[in-house]
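Have your viewer open and your selection tool ready. We will go from one stop to the next, with a note on what to select each time.

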Amino acid sequence: MVRAGAALADEVGFANLTMGLLAERVGVRTPSLYKHVGGQDDLNRRIAALALTEAADAVGGAVQGRAGRDALAAAARSFRAFVLEHPGRYAATIGVEPSGPDDPLARAGERLLVAFTAVLRGYDIEDRDVNHALRLLRSLFHGFATLQAGHGFQWSTDVDESFEWLIAFADRGLRTL
């Protein structure tokens with residue numbers, strides 16, 4: 001049910017996902033969904049955990065065996081591709097807070113952080129600065145990908161070229177810390 005909800009969120013937008021729409025999509029009456037999820041909030045949280053898990057798998061797989069700029073570029077491209085392919089489910093991850101350390105949302109988020117932390121090992125970043133560097137990467141990659149997914153780039157300049165420029169900029173910045 002969660003995968004069907006995530007696919008529907010990608011199609012119609014996370015803000016437009018409802019239990020009624022999901023029930024219609026899977027061919028059941030809305031009350032039947034409650035056998036699988038505890039309501040809209042539970043569905044949203046499960047979609048967010050799924051999205052973070054999938055993003056962690058994509059980024060983790062992309063950076064495996066790479067270091068430095070190669071790892072950074074692979075992580076950036078895989079994260080961007082995930083957001084562009086799954087804008088609804090990725091939107092579910094924004095602003096949702098884990099209820100505790102055992103929450104699947106917390107575990108999935110931690111896996112994504114581990115993947116991006118692996119990228120940072122290729123740079124000479126002091127331990128005290130790792131969280132700052134992670135926030136920098138999240139801001140850059142999240143911002144670019146969500147703007148692109150929302151059709152926020154209206155200029156004629158090639159978006160892929162701009163993204164490669166962003167990767168080069170991040171690499172230079174991380175190398176100069």
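Start by selecting L105, A108, G109, L112, A115, F116, V119 and L120, the buried residues of helix 7. Buried here means under 20% relative accessible area, exposed means over 50%, and partly exposed is in between, with a 1.4 Å probe and protein chains only. Helices are DSSP runs of H or I with at least four residues, numbered from the N terminus. Look along the axis: these residues cover an arc of only 155°, which puts them on the same side of helix 7. The arc is that of the directions from the helix axis to the C-beta atoms. An α-helix has 3.6 residues a turn, so residues three or four places apart point the same way.

Before the next stop, note that this is a predicted model, in which local features need pLDDT of at least 70 and side-chain atom pairs count only at pLDDT 80 or more, while totals for chains, interfaces and linings use all residues. Residues are numbered from 1 along each chain as its sequence is written, and side-chain values use heavy atoms, with hydrogens and water left out.

Now show helix 4 (40–63), helix 5, helix 8 and helix 9, against which the buried residues of helix 7 pack; contact means heavy atoms within 4.5 Å. From its first C-alpha to its last, helix 7 reaches 25 Å with 17 residues, close to the 24 Å expected at 1.5 Å a residue. The expected span is 1.5 Å times one less than the number of residues.

Next, select D103, in the loop between helix 6 (87–91) and helix 7 (104–120). Is D103 buried or exposed? With a relative accessible area of 11%, D103 is buried. Its side chain makes a polar contact of 2.4 Å with the side chain of R45 and reaches the backbone nitrogen of S99 at 2.8 Å. A polar contact is a pair of N or O atoms within 3.5 Å; within protein, one must be able to donate a hydrogen and the other to accept it, and residues adjacent in sequence count only if both atoms are side-chain atoms. At the start of helix 7, a side-chain oxygen of D103 also comes to within 2.9 Å of the backbone nitrogen of L105.

Let's turn to the rings. A search of the whole structure finds eight aromatic pairs, where rings of Phe, Tyr and Trp (its six-membered ring) pair if their centres lie within 6.5 Å, and planes under 30 degrees apart count as stacked, over 60 as edge-to-face and the rest as tilted. Select F79 and F116: this pair is edge-to-face, 5.9 Å centre to centre with 75° between the planes. F79 lies in helix 5 (residues 68–85) and F116 in helix 7, so the pair ties together parts 37 residues apart in sequence. Both F79 and F116 are buried.

Go on to F141 and F163, a tilted pair at 6.4 Å centre to centre and 55° between the planes. F141 is in helix 8 (residues 130–149) and F163 in helix 9 (residues 159–175), 22 residues apart. To see the cluster that ring pairs make, select F79, Y90, F116, F141, F144, F153, W155 and F163.

For a last stop, pick R175 in helix 9. At 53% relative accessibility, R175 counts as exposed, and a polar contact of 2.9 Å joins its side chain to that of D171.

Notes: Helices (H or I, at least four residues) and strands (E, at least two) are DSSP runs, numbered from the N terminus.
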